Amino acid sequence: MDNWSREFEDVCGVYSQISKRISEKAPRDSVQAAYFQLTQRIEYLDRDLDSFRANPSLYRLTDKDIVDRKQKLERLKNESRQIQDYLNGGRDYLFPSSFEGSGSASSFARGQQNALLIMENNDKSLADQDKKLDVLAGVVGNIKEVSLSLGHELKVQDKIIDDLDDHMGKTTTKVSKSTKMASFLTKNASVCGLQLTVLALLVIIVLVALI
């Protein structure tokens with residue numbers, strides 16, 4: 001949960017406390033002081049929300065996130081106006097006659113409880129979304145690391161292949177030179193053998209003639 005959501009939850013708690021004071025018929029002065037603090041904190045939340053709308057990517061928020069927060073804040077504003085109406089118009093304006101002395105829950109209290117339940121559910125949904133986004137960010141980070149490792153490995157393999165090509169080229173050149181030398185030696189060896197054969201025949205002929 002981010003700072004804005006935590007502050008919103010705290011403000012909802014203040015609103016709930018003020019509603020409880022009203023239901024317990026607390027002095028209006030104490031309700032008025034608490035309500036002033038409530039309105040100040042709602043204004044801070046509203047200003048922060050304007051900053052979110054101006055640059056949502058900076059706060060890692062989507063348009064849907066901003067709209068959801070705007071709707072929650074508007075509901076809280078509407079509920080807080082009922083407190084202002086109570087302070088301006090008296091208890092009879094805010095609560096039905098059955099509230100006075102009967103001890104039953106007022107329509108205002110029921111509405112406040114429903115609003116808080118909705119806000120809590122929205123906060124849970126936002127928290128779940130934040131968790132899923134964190135998991136997704138971790139997966140993306142892992143994929144990036146794997147991609148960088150693969151890129152480095154490919155560079156190493158390319159260098160090895162280039163070195164192997166150079167070595168094969170040098171080996172091919174050496175083999176070609178050796179083949180030419182062997183062919184030359186074989187050819188020369190055949191010529192020398194023929195010369196020796198002719199010389200031997202001449203020697204035999206001379207010996208025969210002398211005998």
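# Reading helices, rings and spaces in a predicted model

Me: Which residues of H1 are buried?

Reply: In H1, the buried residues are Trp 4, Ser 5, Phe 8, Val 11, Cys 12, Val 14, Tyr 15, Ile 18, Ser 19 and Ile 22. Buried means under 20% relative accessible area, exposed means over 50%, and partly exposed lies in between, with a 1.4 Å probe and protein chains only. Helices are DSSP runs of H or I with at least four residues, strands are runs of E with at least two, and both are numbered from the N terminus. The model is predicted: local features need pLDDT of at least 70, side-chain atom pairs count only at pLDDT 80 or more, and totals for chains, interfaces and linings use all residues. Residues are numbered from 1 along each chain as its sequence is written, and side-chain values use heavy atoms, with hydrogens and water left out.

Me: What span should H1 have, and what is the distance between its end C-alpha atoms?

Reply: The expected span of a helix is 1.5 Å times one less than its number of residues. H1 has 21 residues and should span 30 Å, and its end C-alpha atoms are 30 Å apart, which agrees. For H2 (residues 28-54), the 27 residues should span 39 Å, and the end C-alpha atoms are 39 Å apart, again in agreement.

Me: How many aromatic pairs does the structure hold?

Reply: The structure holds 2 aromatic pairs. Rings of Phe, Tyr and Trp (its six-membered ring) pair if their centres lie within 6.5 Å; planes under 30 degrees apart count as stacked, over 60 as edge-to-face and the rest as tilted. Trp 4 and Phe 8 have ring centres 5.4 Å apart and planes at 10°, so this pair is stacked. These two residues are 4 apart in H1 (residues 3-23), which puts about one helical turn between them. Both Trp 4 and Phe 8 are buried. Phe 52 and Tyr 59 have ring centres 4.7 Å apart and planes at 65°, so this pair is edge-to-face. Phe 52 is buried at a relative accessible area of 8%, whereas Tyr 59 is partly exposed at 37%.

Me: Which charged end sits over the ring of Tyr 86?

Reply: The test asks for NZ of Lys or CZ of Arg within 6 Å of the ring centre and within 35 degrees of the ring normal. Here the charged end of Arg 28 sits over the ring of Tyr 86, 4.8 Å from the ring centre.

Me: Which residues line the largest pocket?

Reply: On a 1 Å grid over the protein atoms alone, a cavity is a set of points where a 1.4 Å probe fits but cannot get out; a pocket is an open set with protein on both sides within 12 Å along at least five of seven lines, and lining residues have an atom within 4 Å of a point. The largest pocket is lined by Met 1, Asp 2, Tyr 59, Arg 60, Leu 61, Arg 69, Asp 130, Leu 133, Asp 134 and Ala 137. Helix H5 (residues 107-210) gives the largest share of this lining, 4 residues. About 240 Å³ of space lies in the largest pocket.

Me: How many cavities of 30 Å³ or more does a search of the whole structure find?

Reply: The search finds 1 cavity of that size. About 40 Å³ of space lies in the largest cavity. A volume is the space filled by probe spheres set on the grid points, which are joined across faces, edges and corners. Leu 61, Asp 65, Arg 69, Leu 126, Gln 129, Asp 130 and Leu 133 line the largest cavity. H3 and H5 are the elements that give two or more residues to this lining, and H5 gives the most, with 4 residues.
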